[in-house]
Structure formats: C-alpha cells, structure tokens
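Here is my note on the model. Please read it with the structure open.

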Amino acid sequence: MAKNENGPLFETRAVKGRFLFRLFAASMAVGIGFICYYRLRLLPVASGKLERWAWIGLFHCELWFSFYWFLTVICRWNPVYRFPHKNRLSLRYEKELPGVDIFVCTADPSAEPPSMVMNPVLSVMAYDYPPEKLNIYLSDDGVSELTFYAMLEASSFSKQWLPFCKKFKVEPRSPEAYFRTAVEPDSHHPLMLKHWLFVKYLFPF
C-alpha cells in the first residue's frame, strides 16, 4: 500500500503513428519552403505596381497560413495519453478531498418521468468519493407528489444499490443503464449472482 501511495498519480503513454505524422509534417514543411522560395525568387520587378502588390499580398497570406500551420504542428508533434491512477489519488489525498454538493433539478414529472430523475440521483450517490463529503440535493420546482414518493423509493433502494456498487465495482452506476447493458453473472460467481438478482428484483424504476 505504501508503494501505491508514493507512486505517480498518472501514467503517460505515447500515441501510436507519430512517425507517419512527422513524415507528413516534414513533407509539408519542404513544400512550404519551396513556395516561399518561389515567391521571393520570382518577385515581379518589371511589371506594374498592381501586379507587384498583388504578388506581395499573396505572399503575406501564405506566410500567415504557414505560421498558423506551424503552430498546429507544434501542438500535435508529440501527442500523449494520460491515464490517472484514481486509487492512488484516493489513498494519498482522501483526507484532504473537499466536500462536494451535487444538485439534481427537475420541474415537470410529465416531461421528466421520475425514473429519469431518480437514476441520476442514484448514480451520483454511488460516486467513488468519501460519503461524508458528498451531498446530493434534489430540487423539484414543480413540487410534485409523484417525484416525492419516487424519491422515497430511491432512498430505500439505495440501501442495497450503494453497497452492491462498492462491493462489485459496478460500472456504470446508474441502475437503469447498468441493468440494460450488464450480463447476468454465471454460476461460477454465486455470491455476485445472488446479489445481482436480489438488487435487480428490488429495482423500482
């Protein structure tokens, strides 16, 4: 555990295919160089002022777009992915994590059925965050009795859903999304199967 606490909080991995992009960028840079050479080498001298200024204007536009392209290439030259180690973050800073207040808003139960509202509420209640620092509020502007009783049902169901999420590392943590996509555990995992069937049976939405 001490090793995890002192380890890096994220891992950096290089994006594949960087060589091809750099080869393409190098060929573009060579092409831009030839264009600049062409504009400078064949600058109209004997022609009229209008042709000369038109040539200079085109050259300045090309210089501007070349500069813009150069900036975009710098940003893409060495792309990487960052993979955070959330377990290490929790082990190292769990006592210093701030309190979080989450507001879920609803107004009309006919336009926003209670099942659509309660699933997000249950999802945020199951966040992997210290429960004593997490507060969830439901704001019902329509003052609906239907939403109130749905909240009571969700509160009762959360007593089974939250331990189930924590014990079996459930993802996603919205009950509706989870039971719609999850596959029923097989007989090789009897404990999880028992809890899975029980929680699904209690799911009121």
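1. E11 is partly exposed, at 32% relative accessibility. Buried means under 20% relative accessible area, exposed over 50%, and partly exposed in between (1.4 Å probe, protein chains only). R13 is also partly exposed, at 41%. The two side chains form a salt bridge, 3.2 Å from N to O. The term means a side-chain nitrogen of Lys or Arg within 4 Å of a carboxyl oxygen of Asp or Glu.

2. This is a predicted model: local features need pLDDT of at least 70, side-chain atom pairs count only at pLDDT 80 or more, and totals for chains, interfaces and linings use all residues. Residues are numbered from 1 along each chain as its sequence is written, and side-chain values use heavy atoms, with hydrogens and water left out.

3. The structure holds 3 salt bridges. In another of them, E62 pairs with R39, the closest N and O atoms being 2.9 Å apart. This pair links distant parts of the chain: E62 sits in helix α3 (residues 49–76) and R39 in helix α2 (residues 18–41), 23 residues apart. Helices are DSSP runs (H or I, at least four residues), numbered from the N terminus. E62 is partly exposed, at 25%, whereas R39 is buried, at 11%.

4. E171 and R173 also meet in a salt bridge, 3.6 Å from N to O. E171 is exposed, at 57%. R173 is buried, at 15%.

Methods: Helices (H or I, at least four residues) and strands (E, at least two) are DSSP runs, numbered from the N terminus.
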